[in-house]
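Visitor: Please take a close look at one part of this model, the packing of its helices and the core beside it.

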Amino acid sequence: MDVNEGTIGAAMNSVASMVIREIALIENVEIGVAAAEFLASKTAARLFDESTKLWCDGPSTIVDDYLLECMQRQSGE
């Protein structure tokens, strides 16, 4: 399989879907709520920025990054 912009985009979307499902379970919220909150985050922006290669790290790492971002936001950092 050739790795090109299309396959990388598909991988990013797939990882984002897994991340959103995991966030919904952790936070006990509807998928739509989790999706809206995640997609508005800096973590999501990094996920969809191909240069960061965050999509290579897998969903659990990205969820951890997102939860850390939320904690920092809540504490005012």
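Guide: A nonpolar core is a set of buried Ala, Val, Leu, Ile, Met, Phe, Trp, Tyr and Cys residues joined through side-chain atoms within 4.5 Å, where buried means under 20% relative accessible area with a 1.4 Å probe, protein chains only. The model is predicted: local features need pLDDT of at least 70, side-chain atom pairs count only at pLDDT 80 or more, and totals for chains, interfaces and linings use all residues. Residues are numbered from 1 along each chain as its sequence is written, and side-chain values use heavy atoms, with hydrogens and water left out.

The largest nonpolar core holds 19 residues, and V19, I23, F38, L47 and I62 have the most contacts inside it. Helices (DSSP runs of H or I, at least four residues, numbered from the N terminus) α1, α2 (31–39), α3 (42–47) and α4 each supply at least two of its residues. The largest contribution, eight residues, comes from α1. Beyond its neighbours within four places in sequence, F38 is in contact (heavy atoms within 4.5 Å) with A16, V19, I20, I23, T43, A44, L47, I62 and Y66.

Helix α1 (residues 5–27) also meets α4 (residues 59–75): their axes, lines fitted to C-alpha atoms over the stretch in contact, come within 9 Å and cross at roughly 55°. On the α1 side the contact is made by V15, M18, V19, E22, I23, I26 and E27, and on the α4 side by P59, S60, I62, V63, Y66 and L67. Helix α4 also contains C70, which is buried at 12% relative accessible area.

How values were computed
Axes fitted to C-alpha atoms, helices over the stretch in contact; angles between N-to-C directions. Buried < 20%, exposed > 50% of the residue type's maximum accessible area, 1.4 Å probe, protein only.
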